[in-house]
Amino acid sequence: MCIGVPGQLLEIDGWKAMVEVGGARRETNVMLISDAAPGDWVLIHAGYAISKVDEAEALETLGYLREITEGLGAELAGDTAPEIA
Amino acid sequence: MTDDTILLGHGSGGRMSHELLEKTILPALGWDESDHESKVLEDAAVMHITADSLLAAELVSEGDSRIAMTTDSFVVSPIFFPGGDIGDLAVNGTVNDLVMMGAVPLYLTLGMVIEEGLLISELEAVLSSVKTAAEAAGVSVVAGDTKVVERGKADRLFLNTAGFGVVPSGRTLSAAALRPGDVIIISGTLGDHGIAVMSKREGIAFETPVVSDTASLAGLAAQLFMSEAELRALRDPTRGGLATTLCELATSSNVGIELDELAIPVKPEVARASDLLGLDPLYIANEGKMIVVVAPEDAERAIHALQGHPLGGDAAIIGTCSDDRPGRVTLRTTIGGTRVVDMLSGEQLPRIC
Amino acid sequence: MTIAKGIDLGTLDDLVEGFRDPAAARVITAEIAVLGASLEAKGIEPRLMEVCGSHTVAIFRSGIRDLLPSNVKLISGPGCPVCVTSVAEVDRAIAIANTPGTILTTFGDMMRVPGTSTSLEKEKAEGADVRVVYSPLDALNLAAEKQATGGDERIVFFAAGFETTAPTVAAAILQAADMGLSNFYIQSTHKTIPSAMRGLLDTPELGLSGFICPGHVSAIIGARAYDFIADEFKVPAVVSGFEPLDILMSVKMLLAQIDEGRAEVETEYGRIVSDEGNPRAIEVLDQVFRVSDAEWRGIGTLPNTGLVLRSEYERFDAPLAFDVRVEPGRDNPACECGEILRGLKAPTDCKLFAGVCTPENPQGACMVSTEGSCAAYYKYGRDES
């Protein structure tokens, strides 16, 4: 269960914070995480930030994903969507 | 203050009704009596549609004159949303239904059910949108009706529009006309309308740059027809979204439809807002997009025609018809898997889990 | 989906799209195929269970089963909190919603869940004031607004969820106490996951070879909460995220453990999940709720898997405040949900599936939420089985 999406805290006022999720902004509550600061990436669930994103871990995994595809030829790495002029 | 709101009396048919019509509704719609054969309001609109006038406009040829009619009701809540309101929605929705059958839309009716207490300024704003949208779509609102109901018996304002158009010679489009090999095109990004409306719903509200895509497709379709691509069917994926509409097409034509998820255009902010609400953009309503099914050899021609129009810039080929799994829609996913795409069941509710 | 704008790889803007990359998926799928072949050579047919409904849906939505070697089976577990809410609790919520002067709020998934004879969606159509909210905060704000404007309605939040959601409801209760709200109540049907997983491990006929552990539950409780799975039962477990690549990587990690004869708790979802979880959220949870036994729909009562309000917060407890009586709930007797929730049967093994029981007219737990195993099979996978 449990839909959670990553978002970035923009401003914080007490427990209330504004979070941006890919262009959408919504009020969120930060009382469930410690030391929230604007700029932090958090996981949003049911209107609350329930976890901070570990940025170093995230970048490491993304780096790994990029690395494993670097050996691929261009024709493999490109997506298979039909090309539209 | 009572002057500013709609009262039950405005629907009585008496003096207040006349005042509302003459001081608010007709001016807001830009009704000009000199345009009409009868210089006063009658019980029904009477238009000349002679074979000659249609022939002159090159809409029909001798011996082939068909009309298209449709009706649709609009109960969107809230009535004002980012990118539009119930007024332009009511015009574009009915216009698009005519256009999807290949018709050139000509006339609309406008029925209103108003909940007492609606601000007259809000009614004027909606009617002004009706006027603008009708002008943009090249249709005239020729008849209408106003009813007022007690508070709680409607949700502010319901509209119904019926539309009338003429189907030019040689255009035969049908949901049953799809054949294996045909190409599926979508005219633009998915989910904009549904996300824009949902962003303003009570209990869900969030701020988003997404605006409704409500628009008349008459101009875009005209480009397409001019391209002379061999079209099988046009459909606008409104309620139920792309998935539901394609399921209907696959069933009606008894063909399989295979989609490529990577090719389906979705704005990033729509994709993220959908994630946030637990919704799937394939099932979210659109109000200014069309699915074009075209013979394979004409796919490029159709795409070119669509992309040459302001509403078709993001048009993309998203799939093909096959004789595999007739009646079924399948999707090749981003990561290369395959899944079945089914119709929407019930209302799309934001979910938490 | 194609995203119109380019993604800036290497920044956190890529947190979602980066985990849907088709090329990386191809590489990991190939690695999984190699592991699958190695296991096949040893005569091993791994049975991996995802206990989380969001994983079930993600697996179907991305078509992952298609990409796995034929000897690797993914089994869907009980992981949808809405699905496992008991019939009696749904009946109770309906009775509360029908009490004059009440506004019952709940998550969208709950609307269609059948009680003994009706659902919240049907009762709403009959006139009950039932509203879908996105967050317990929306219910709290509604209560605050009513209290401030002299409205005398009582606002009830019908709360279902695992450890992911329970802290948010606990937080709302603390805020309600702070604000001095006297018109806000919750009906808690929260459930906890690790004890339920123990129950599954105690079901030998399942023959589980590995667990895909729920990423967002783990964000709260931490990866160490699953240590017993590896230590006591010698079964591998990987805490997984929800994007397609997260799940593929988790499957790969599980197969590697099985291939190497290891049984450990590993975390694929390190960007969100730490070993200890979120201490602040656990503290709020513990402050408001205490552990109790809970009735799981289709399964029965499982000890220490429920959360009820502590006595200090009893004034917010809807079942206490509303004097409603409900009979023990009744499921359709032909429904196989219990077996399906425990992974013993597939949805297609049930006589009711896709006939009497559909998403429009669900008979049992697994069909009601979009994340139920039956609903996911119905929507995405009917041709496969």
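How many residue pairs are in polar contact between chain C and chain A? The count is 13 residue pairs, both at pLDDT 80 or more. A polar contact is a pair of N or O atoms within 3.5 Å; within protein, one must be able to donate a hydrogen and the other to accept it, and residues adjacent in sequence count only if both atoms are side-chain atoms.

This is a predicted model, in which local features need pLDDT of at least 70, side-chain atom pairs count only at pLDDT 80 or more, and totals for chains, interfaces and linings use all residues. Residues are numbered from 1 along each chain as its sequence is written, chains are lettered from A and ligands numbered from 1 in the order in which they are written, and side-chain values use heavy atoms, with hydrogens and water left out.

**View 1. Chain C meets chain A.** Contact (heavy atoms within 4.5 Å) links 57 residues of chain C with 40 residues of chain A. About 3,800 Å² is buried between the two chains, and carbon and sulfur atoms give 68% of that area. Buried area is the accessible area (1.4 Å probe) that two parts lose on being put together, summed over both. One salt bridge is found across this interface. Its definition: a side-chain nitrogen of Lys or Arg within 4 Å of a carboxyl oxygen of Asp or Glu. The side chains of C:Asp138 and A:Arg26 meet in a salt bridge at 3.3 Å, N to O. Several helices of chain C each supply at least two residues of the side that touches chain A, among them helix 1 (22-41), helix 5 (136-148) and helix 10 (244-260). Helices (H or I, at least four residues) and strands (E, at least two) are DSSP runs, numbered from the N terminus. The residues on this side of chain C divide into 31 nonpolar, 15 polar and 11 charged. Here Ala, Val, Leu, Ile, Met, Phe, Trp, Tyr, Cys and Pro count as nonpolar, Asp, Glu, Lys and Arg as charged, and the others, Gly among them, as polar.

View 2. Strand 2 (residues 16-21) and strand 3 (residues 24-29) of chain A run antiparallel, joined by six bridges. Two strands pair if DSSP finds at least two bridges between them. A:Glu20 has A:Arg25 in strand 3 as its bridge partner. Two residues lie between the strands, and A:Gly22 takes a positive phi near 50°.

**View 3. The seven-stranded sheet of chain B.** This open sheet has the strand order 8-11-7-12-9-13-14, with mixed pairing. Strand 8 (231-235) and strand 14 (338-341) stand at the edges with a single partner strand each, so one side of each is left without a neighbour in the sheet. The twist averages 25° from one strand to the next. Axes are lines fitted to C-alpha atoms, for helices over the stretch in contact, and angles run from 0 to 180 degrees between N-to-C directions. Within the sheet, strand 9 (residues 256-260) and strand 12 (residues 316-322) of chain B pair in the antiparallel sense over four bridges. B:Gly256 stands opposite B:Ser322.

View 4. Strand 4 (residues 104-115) and strand 6 (residues 157-167) of chain B run antiparallel, with eight bridges. B:Tyr107 has B:Phe164 in strand 6 as its bridge partner. The axes of helix 1 (residues 15-29) and helix 4 (residues 120-137) of chain B come within 7 Å and cross at roughly 35°. The residues of this helix contact divide into eight nonpolar, two polar and two charged.

**View 5. A salt bridge within chain B.** The side chains of B:Lys267 and B:Asp192 meet at 2.2 Å, N to O. B:Lys267 lies in the loop between strand 10 (265-266) and helix 8 (268-277), and B:Asp192 in helix 5 (residues 192-198), so the pair ties together parts that are 75 residues apart in sequence.

**View 6. Two loops of chain B.** Most residues other than glycine have a negative phi, and most peptide bonds are trans. A cis peptide bond joins B:Ser77 and B:Pro78, with omega about 0°. B:Pro78 lies in the loop between strand 1 and strand 2 (80-81). B:Glu228 has a positive phi near 60°. B:Glu228 is found in the loop between helix 6 (218-226) and strand 8.
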